[in-house]
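Please consult the sequence and the structure as you read.

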Amino acid sequence: MADDSGEEAEAAACRDDQEEENMAAWLLGIKTLKIQPYHLPPLGPQDVRVRIKALGICGSDVHHFKNMRCANFIVKKPMVVGHECAGIIEEVGSEVKSFEVGDRVALEPGISCGRCCLCKSGSYNLCPEMKFFGSPPTNGSLAHKVVHPANLCFKLPDNVSLEEGAMCEPLSVGVHACRRANVGPETNVMIMGSGPIGLVTLLAARAFGAPRIVIVDVDVRRLSIAKNLGADEIVEVSTDIQDVGAEVAKIQNAMGSGIDVSFDCVGFDKTMSIALNATRSGGKVCLIGLAKSEMTLALSPAAAREVDVVGIFRYRNTWPLCIEFLSSGKIDVKPLITHRFSFTQKGLEDAFETSARGGNAIKVMFNL
Ligand SMILES: [Zn+2]
Ligand SMILES: [Zn+2]
């Protein structure tokens, strides 16, 4: 017994000597990110250790960076940021059969408990015990290496790059939203907002077979990106709530037939008003963007037309389908990647500033 533990300690010390220190991007305060050492937890029997190669900055990362919070999640102590990632497996736990060292994988960022009734019913994204990369207090994955459960890693085919693998995370939001709203080959889709989430929703809706997609925004430059990505029609609107009536007519006109499903990827009173009013009787509105936690708008007229409102929280069981869409060419996420940075202190600061500024940045990616 004593001998065994002595040998183990020696082996561990030896491992530490051989390996360079793992570094990660720590959020220390408002707009303060530093690359500092990150000691990984030990590799469990069902875990893999992954060398992160690509990581995209998400809107939630930017919220944390700017405000030390995102919705009700508050950063109270230093935290490693980031969650949209892919990498290469470096070590597999003793019970992992599905992977080998060297496999390229995309990582699903949330670890659910697996025991509660939501997990058991399959809605594991709603698990109250969820530990999600880069959502406080759980450390994220903008690091050279992370330890993660093997069952949340998904092997990438040769024709899907690591950057595309990292894009499975934002794309999953669009895929889950399309599932929630039952988008299919007979569903005409309207999307409010052509930011990153509006655009992945556009790509997902098309891949689910939506024959006609109209996308709406206040920003003509973002609308032209949506057009290039395959939107059938684009409609520019104002930020003035008084214009809702006229703009609903304009959007319905652009669709040319009933709007079966609307996605609000913004989440303001006005965008939700437009979505509720523009959608045909018996249709669905899916609220994705949560710009405001409280909205004041007329709900009864939509309810009286049996327009269903559904929400989403992240996603579940989406990685295999996302990888299939990317591998088959049904979805091309490459045009969404507008900026690339290296994982240095300067690169880290520039990348977050670029993403926070918005402008022509859609997805800002780190290559590690
Ligand atoms: Zn994300
Ligand atoms: Zn659970």
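Q: In which loop is Pro 137 found?
A: The model discussed here is predicted. The peptide bond from Pro 136 to Pro 137 is cis, with omega near 5°. Pro 137 is found in the loop between strand E10 (131-132) and strand E11 (145-149).

Q: In which sense do strand E1 and strand E2 pair?
A: Strand E1 covers residues 23-29 and strand E2 covers residues 32-37. They form a hairpin with 2 residues between them. One of the bridges joins Gly 29 to Thr 32 in E2. Over 6 bridges, the sense of the pairing is antiparallel.

Q: What is the phi of Lys 31 in the turn?
A: Lys 31 belongs to the turn of the hairpin that E1 and E2 form. Its phi is positive, at about 55°.

Q: Is Met 68 buried, exposed or partly exposed?
A: Met 68 is found in the loop between helix H2 (59-67) and strand E4 (69-70), and its phi is positive, near 60°. A buried residue would need 20 or more other C-beta atoms within 10 Å, and an exposed one 12 or fewer. Because Met 68 has 19 such atoms within 10 Å, it is partly exposed.

Conventions
Residues are numbered from 1 along each chain as its sequence is written. Chains are lettered from A and ligands numbered from 1 in the order in which they are written. This is a predicted model: local features need pLDDT of at least 70, side-chain atom pairs count only at pLDDT 80 or more; totals for chains, interfaces and linings use all residues. Two strands pair if DSSP finds at least two bridges between them. Helices (H or I, at least four residues) and strands (E, at least two) are DSSP runs, numbered from the N terminus.
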